[in-house]
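Here is a structure to go through by question and answer. Each answer sets a value against its cut-off.

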Amino acid sequence: MFLFFAVIAAALVIAVLIGGDVRRLSQLRIRHLELLFAAFAVKVAVALLGTAHSQFAVAIARPLNVIGACLLLAVVWFNRRIPGAILFGAGLTLNLVVILAFGGRMPVLLPGDADPNSAALALLKGGLDPLHVALQHPQGLWFIGDIFTIPSIGGHSSLVSIGDLLMAAGVAWLIIRCSQRSPQLQPAYGSNPSP
């Protein structure tokens, strides 16, 4: 999540620096908001199931994780003409493919310098993380899983996938592009008055 917050903040700053007006983002019209809300509701349910720290909760969360991604992909499809949507959708598709390949969870190839005392790492290694599954070594489609280390505030780092990076780029493009003034449409043809 840190990646997306950082990208949004950076995109807003860039948009303003190049003369954009971020208030124009309020004019953005998203089709099928009900699917977007449903996708977020499913993601919240998965996060809440994650707090149970049980195999039963993980078993319920895995198909919900896939359903949430499919709902979000449907929203992207219906809004594919919005700047950045195709890029975001490509990243989401990569994430969905690897999640499906690993039974409903994103594979994580743990870096060698991972903090062995981390509570999140203990849940991950114990198989109790509803969103992620730890890989001891590369296998299957691991290369489109969470393999890139992104430093974050507080000295901790996050692992992200190629799909996450594409999704973040799509969000950045949306913010920057939609904050710019739209060019005035000129008629393709017309009659010029006689002098």
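Q: What does asparagine 65 touch, not counting residues up to four places away in sequence?
A: Asparagine 65 touches Lys43, Val46, Ile99, Gly104, Arg105, Pro130 and Leu131. Contact means heavy atoms within 4.5 Å. This is a predicted model: local features need pLDDT of at least 70, side-chain atom pairs count only at pLDDT 80 or more, and totals for chains, interfaces and linings use all residues. Residues are numbered from 1 along each chain as its sequence is written, and side-chain values use heavy atoms, with hydrogens and water left out.

Q: Why is asparagine 65 called buried?
A: Its relative accessible area is 2%. Buried means under 20%, exposed over 50%, and partly exposed in between (1.4 Å probe, protein chains only). Asparagine 65 is therefore buried. It lies in helix α3, residues 55–78. Helices (H or I, at least four residues) are DSSP runs, numbered from the N terminus.

Q: What makes α3 roughly antiparallel to α4?
A: The axes of α3 and α4 (residues 85–101) cross at roughly 160° and come within 10 Å. Axes are lines fitted to C-alpha atoms, for helices over the stretch in contact, and angles run from 0 to 180 degrees between N-to-C directions. Under 35 degrees counts as roughly parallel, over 145 as roughly antiparallel, 65 to 115 as roughly perpendicular, the rest as oblique. So α3 is roughly antiparallel to α4.

Q: Which residues of α3 and α4 make the contact?
A: From α3, they include Asn65, Val66 and Cys70. From α4, they include Phe88, Thr93 and Ile99. The residues of this contact divide into twelve nonpolar, three polar and no charged. Ala, Val, Leu, Ile, Met, Phe, Trp, Tyr, Cys and Pro count as nonpolar, Asp, Glu, Lys and Arg as charged, and the others, Gly among them, as polar.

Q: Is cysteine 178 buried or exposed?
A: Cysteine 178 has 17% relative accessibility, so it counts as buried. Cysteine 70, at 38%, is partly exposed.

Q: Why are α1 and α6 called roughly parallel?
A: The axes of α1 (residues 2–17) and α6 (residues 162–178) cross at roughly 30°. The two helices are therefore roughly parallel to each other. The residues of their contact divide into 15 nonpolar, no polar and one charged.
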